[in-house]
Amino acid sequence: MRILEWDIELTPMTVYSWSLWPNFIPIQQIEHPQEMLCYGARWRGEKKVQFQSVHHDGKDDMLKGLWALLNEADALVSWNGAGFDTKHVRTQFLLNGMTPPSPSKEIDLMRVVKSQMKFPSNKLDWVSQQLGIGKKMPHEGFQLWLDCMAGDEAAWRKMKRYQIQDVNLLDEAYTKLLPWIANHPNVNLYDNSDGCPSCGSTNIERRGFMYTGVSKFQRYRCECGKWFRGKTNLASSEYR
């Protein structure tokens with residue numbers, strides 16, 4: 001199973017506003033909408049993080065490079081990707097005359113954390129530090145984006161390191177959260193294997209049974225921490 005861990009950065013919108021206070025901005029006051037600035041992506045199990053940007057590669061090559069990766073992926077690991085990255089990237093593909101890449105499963109780790117845990121913050125930086133896997137690379141904030149848009153080479157070097165660090169944190173967070181992902185795609189179906197449906201390991205053990213209202217199944221636990229059940233119904237009585 002080909003799993004792609006990925007993250008993007010966008011430019012801010014340029015708008016006209018009558019006030020510094022939060023308010024509704026009509027579409028007539030949009031000077032320039034958001035665009036994709038860069039992306040980082042890494043195949044699960046590989047060390048290299050692939051990085052492309054409008055500055056280093058040009059917009060067309062950057063979008064084509066990302067499209068090729070998404071087209072090859074069976075699943076996408078992200079942090080808020082289902083609600084942010086994927087939708088923004090699809091918008092960019094559409095506006096640039098590109099067709100959709102092949103469908104893939106979304107593994108949005110922020111949604112896992114929000115549904116399964118109760119952290120004070122669901123941001124990647126906070127959760128990563130709490131899990132002891134590292135933290136996001138510090139930077140000067142909004143100014144970094146402005147400097148990159150202005151073509152500053154030093155700013156782009158920092159943006160690249162920032163993007164790569166985000167993807168590396170994703171990989172570590174995915175490993176920690178894997179047994180908690182209830183709707184993880186079954187890797188056995190993709191790899192023609194017979195092991196843990198989440199990680200593929202064959203180091204599993206029987207741990208009692210799992211019951212429904214009318215059925216009984218063998219229960220298993222994998223070395224990754226994932227609990228799952230067998231597919232054979234062990235309840236044979238017609239009254240059960």
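Is Tyr-211 buried or exposed? Tyr-211 is exposed, at a relative accessible area of 55%, where exposed stands for over 50%, buried for under 20% and partly exposed for values in between (1.4 Å probe, protein chains only). The model is predicted, so local features need pLDDT of at least 70 and side-chain atom pairs count only at pLDDT 80 or more, while totals for chains, interfaces and linings use all residues. Residues are numbered from 1 along each chain as its sequence is written, and side-chain values use heavy atoms, with hydrogens and water left out.

Three aromatic pairs were counted, a pair being rings of Phe, Tyr and Trp (its six-membered ring) with centres within 6.5 Å, and with planes under 30 degrees apart termed stacked, over 60 edge-to-face and the rest tilted. One of them, Trp-145 with Tyr-162, is edge-to-face, with 5.9 Å between the centres and 80° between the planes. Trp-145 belongs to helix α6 (residues 142-149) and Tyr-162 to helix α7, so the pair ties together parts that are 17 residues apart in sequence; helices here are DSSP runs (H or I, at least four residues) and strands likewise (E, at least two), numbered from the N terminus. Both partners are buried: Trp-145 has a relative accessible area of 12%, and Tyr-162 has 7%. Phe-209 and Tyr-211 form a tilted pair, because their ring centres are 6.5 Å apart and their planes stand at 55°. Phe-209 is partly exposed, at 34%.

Lys-226 is located in the loop between β9 (216-222) and β10 (227-229). Lys-226 is buried yet has no salt bridge, and Glu-223, the nearest side chain of opposite charge, is 15 Å away. A salt bridge requires a side-chain nitrogen of Lys or Arg within 4 Å of a carboxyl oxygen of Asp or Glu; Lys and Arg count as positive and Asp and Glu as negative, with His and the chain ends not counted. A polar atom of the Lys-226 side chain lies 2.9 Å from the backbone oxygen of Ile-181.

Definitions and conventions. A polar contact is a pair of N or O atoms within 3.5 Å; within protein, one must be able to donate a hydrogen and the other to accept it, and residues adjacent in sequence count only if both atoms are side-chain atoms.
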